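Please examine the following structure with care. The paragraphs after it form a guided reading, intended to be followed with the structure in view.

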Amino acid sequence: MRYTKTILFPLVMACGVLLMLAQCRKSGTSVHNEQGDTLAMRYATLLQIVKYDGYTTVSIANPWKEGIPLHRYVLVDKHRPLPDHLPEGTVIRTPIERAVIFTASHCQLLGWLHGERQLAGVADLKYMSIPWVQQGVREGTITDCGDGMNPVVEKIIDMAPDLLMLSPFENSGGYGQLEDIHIPLMECADYMETSALGRAEWMRLYGMLFGKEEVADSLFNVMHQSYMALKDSARKATVQRSIITEKLTGSTWYVAGGESSVGRLIADANGRYAWADDKHSGSLSMTFETVLDKAGQSDVWIFNHFGSGRLTYSRLASEYPGYKEMKAFKEHNTWYVDTQQVTYFEEVPFRPDFLLRDYICLLHPELGLGQPKYYTPVATE
């Protein structure tokens, strides 16, 4: 009898373990589920994706409040039963079949992922230069939901989409009526990544949403290989030219910080930049006099321009006479993107290799990469 406890105790413990495992299986969780498989991100810093048995969690960090999450999502295959126990977060059943997208870059990406038929509606159509989107609206297969800041909510409700994709903003005060119509909102904070490659890597998440994970991974790898090859090519340049970006907006010149995606692109293009040592990842507000003093002798000047007709030096000088004091203006080495005519904003976020190539073309014409894809020289007349 004195051996009874010695014999029974291991049996009771074993039964307890078996019962616990059985309960875990019944509830849809397991030791593997609790740990999950974290998807390794090479460049994206705001995104964490963890795959579990039966669902995937997506955690987006708040870019404006360090250490605080912006949003948490739980992706569940719509062809499988919804697990009994899921972690907290907005549940999205995938693959998405009908999405309303508020941003041109995400529409363009969906096209590259061969998901054109999954786009049900758009906002801010007037700013989208994507031919298949414009055609879809004309033919009635894609709905124009109006202004992105004040969309026609009734149209969105009538479409009954699976997902709304829009960009969050600091202190925006929320999304108004869109938060009350019981359609999942994907907060696309990719534009707040501090590197172009980090932003582009978000395509891996968007591929998961639309059932295009393999296609997205393949596209990212193609983009990455192209980017690295261009970066290596730029290193071979024997002359390192300087560059200044943007121009006055009102009375302010918003200069890209040294740690911003533009600052890093310039570095990868082997260009000299007056604010290269700056540690800001966003823009810096400057007066024209400050910019002229610090970067007025830059060899190349580039900026985006939204307007009608060809941009000439005389027209540029009429906008602000001080521009004539800049070296790149005097030597006619000033270039601009006509954002009304080319798909710059649509393509660059997820194909930064295209933009890097343009920078290298302008900074190192001796490398023989040809003409830029997006930039046009300011005309002499």
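This is a predicted model: local features need pLDDT of at least 70, side-chain atom pairs count only at pLDDT 80 or more; totals for chains, interfaces and linings use all residues.

How do the residues of the lining of the largest cavity divide into nonpolar, polar and charged? The lining of the largest cavity comprises 6 nonpolar residues, 1 polar residue and no charged residue. A search of the whole structure finds 1 cavity of 30 Å³ or more, and the volume of the largest cavity is about 40 Å³. The residues that line the largest cavity are His106, Leu109, Leu110, Leu113, Met165, Tyr206 and Phe210. Helix H3, which covers residues 104-112, supplies the largest share of this lining, namely 3 residues.

The discussion now passes to the strands. An open sheet is formed by 5 strands, arranged in the order S8-S7-S6-S11-S12, with parallel pairing. Strand S8 (143-144) and strand S12 (185-187) each have a single partner strand and stand at the edges, so one side of each is left without a neighbour in the sheet.

Antiparallel pairing can be followed elsewhere in the chain. Strand S1 (residues 37-38) and strand S2 (residues 47-52) run antiparallel and are joined by 2 bridges. S2 and S3 form a hairpin with 2 residues between them, and glycine 54, which lies in the turn, has a positive phi of about 110°. As a general principle, the side chains of a regular strand alternate between the two faces of the sheet.

In the loop between strand S5 (90-94) and strand S6 (99-101) one finds proline 95. The peptide bond that leads from threonine 94 to proline 95 is cis, and its omega is near 0°. Alanine 160 is found in another loop, between helix H5 (153-159) and strand S11 (163-166). Although alanine 160 is not a glycine, it has a positive phi of about 50°. Asparagine 270, likewise not a glycine, has a positive phi of about 60°. This asparagine 270 lies in the loop between helix H9 (261-268) and strand S16 (283-286). Is asparagine 270 buried or exposed? With a relative accessible area of 16%, asparagine 270 is buried, because the cut-off for a buried residue is under 20%.

The aromatic rings provide the next subject. The structure holds 17 aromatic pairs. One of them is formed by phenylalanine 303 and tyrosine 336, whose rings are stacked, at 6.4 Å centre to centre and with 20° between the planes. This pair links distant parts of the chain: phenylalanine 303 belongs to strand S17 (residues 300-305) and tyrosine 336 to strand S18 (residues 334-338), 33 residues apart. Phenylalanine 303 counts as buried at 1% relative accessibility, and tyrosine 336 is buried with a relative accessible area of 4%. For tyrosine 313 and phenylalanine 329, the ring centres are 5.0 Å apart and the planes are at 90°, so the pair is edge-to-face. This pair, too, links distant parts of the chain, with tyrosine 313 in helix H11 (residues 313-319) and phenylalanine 329 in helix H12 (residues 327-330), 16 residues apart. Both tyrosine 313 and phenylalanine 329 are buried. Ring pairs also link Trp253, Phe288, Trp301, Phe303, Tyr320, Tyr323 and Tyr336 into a cluster.

Finally, the reader may consider where lysine side chains meet aromatic rings. Lysine 294 lies over the face of tryptophan 275, at 5.9 Å from the ring centre. The ring of phenylalanine 354 has the charged end of lysine 373 over it, 5.3 Å from its centre.

Definitions and conventions
Residues are numbered from 1 along each chain as its sequence is written. Side-chain values use heavy atoms; hydrogens and water are left out. Two strands pair if DSSP finds at least two bridges between them. Helices (H or I, at least four residues) and strands (E, at least two) are DSSP runs, numbered from the N terminus. Buried means under 20% relative accessible area, exposed over 50%, partly exposed in between (1.4 Å probe, protein chains only). On a 1 Å grid over the protein atoms alone, a cavity is a set of points where a 1.4 Å probe fits but cannot get out, and a pocket is an open set with protein on both sides within 12 Å along at least five of seven lines; lining residues have an atom within 4 Å of a point. Grid points are joined across faces, edges and corners, and a volume is the space filled by probe spheres set on the points. Ala, Val, Leu, Ile, Met, Phe, Trp, Tyr, Cys and Pro count as nonpolar, Asp, Glu, Lys and Arg as charged, and the others, Gly among them, as polar. Rings of Phe, Tyr and Trp (its six-membered ring) pair if their centres lie within 6.5 Å; planes under 30 degrees apart count as stacked, over 60 as edge-to-face and the rest as tilted. A charge sits over a ring if NZ of Lys or CZ of Arg is within 6 Å of the ring centre and within 35 degrees of the ring normal.
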